[in-house]
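This briefing goes through one protein model, from its overall make-up to a single residue. Please keep the structure open while reading.

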Amino acid sequence: AAQALTRLAKFAQSRGIAIDDANQLFGVHIDRLGKMMDSAIKLPIVGRIGLDAVLDLIPVFGNFAGAAVSLTLIARTLQFGPPPSLVSRMLSNVLVDVILGGIPLIGPLADIWWKANDKNAALMKEFLDSRA
């Protein structure tokens, strides 16, 4: 956790902002990535979809590409020293997304329903808020 705070402090110092502002900036970045992947576009009847559901239309590659972005989101959060229980919850969200997304024809529909990135962004923002 001390190393995570050091990284956050270095980031804040390089930008010339306070640590709390850097924390908030990171939360906004994570939230944007989650929305882009899971709920960027609102469609009638279907609801909100994101890049993850669109990628799932490409067999095999799309599911792995979406998982790679999801894991990138988790990797970025590791810089801030989240507890192992939070990381495991985030990884389980991605695992469910990959498993459901791997089912032919049902995968894109499952990605519309199971928004792993939005869930992970909410978990991370909750962690950042509790730490502030």
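**Surface and overall make-up**

The protein exposes about 7600 Å², and carbon and sulfur atoms supply 67% of this area. The model is a predicted one. Its C-alpha trace spans about 45 × 30 × 25 Å along the principal axes.

- The protein contains 7 helices and 2 strands.
- In sequence order, these elements follow the pattern α-α-β-β-α-α-α-α-α.
- Of the 132 residues in the protein, 39% are buried.
- Among contacts in the protein with a separation of 6 or more, 57% are between residues 24 or more positions apart.

**Packing of H4 and H5**

- Two packed helices are described by the angle between their axes and the distance between the axes.
- For helix H4 (residues 61-78) and helix H5 (residues 84-101), the angle is about 175 degrees and the axes are 10 Å apart.
- Angles over 145 degrees count as roughly antiparallel, so H4 and H5 are roughly antiparallel to each other.
- On the H4 side, the contact is made by Asn63, Ala67, Ser70, Leu71, Leu73, Ile74, Thr77 and Leu78.
- On the H5 side, the contact is made by Val87, Met90, Leu91, Val94, Asp97, Val98 and Gly101.
- Sorted by class, the contact of H4 with H5 has 10 nonpolar residues, 4 polar residues and 1 charged residue.

**The largest nonpolar core**

- In soluble globular proteins, nonpolar side chains tend to be buried together.
- The largest nonpolar core here has 18 residues, and those touching the most other members are Phe26, Ile30, Leu86, Met90 and Met124.
- At least two residues of this core come from each of helix H2 (19-38), H4, H5 and helix H7 (116-131).
- H7 gives the most to the core, with 5 residues.
- Apart from residues up to four places away in sequence, Ile30 touches Leu73, Arg76, Thr77, Ala121 and Met124.

**Ser70**

- Is Ser70 buried or exposed? Ser70 has a relative accessible area of 0% and is therefore buried, the cut-off for buried being under 20%.
- With neighbours within four places in sequence left aside, Ser70 is in contact with Val94 and Asn117.

Notes:
Residues numbered from 1 in each chain as written. Predicted model: local features only at pLDDT ≥ 70, side-chain atom pairs only at ≥ 80, totals over all residues. Heavy atoms only, no water. Axes fitted to C-alpha atoms, helices over the stretch in contact; angles between N-to-C directions. Helix = DSSP H or I, 4+ residues; strand = E, 2+ residues; numbered from the N terminus. Parallel < 35°, antiparallel > 145°, perpendicular 65-115°, else oblique. Contact = heavy atoms within 4.5 Å. Nonpolar A, V, L, I, M, F, W, Y, C, P; charged D, E, K, R; others polar. Core = buried A, V, L, I, M, F, W, Y, C linked by side-chain atoms within 4.5 Å. Buried < 20%, exposed > 50% of the residue type's maximum accessible area, 1.4 Å probe, protein only. Areas by Shrake-Rupley, 256 points an atom, 1.4 Å probe, with all protein chains shown as cover.
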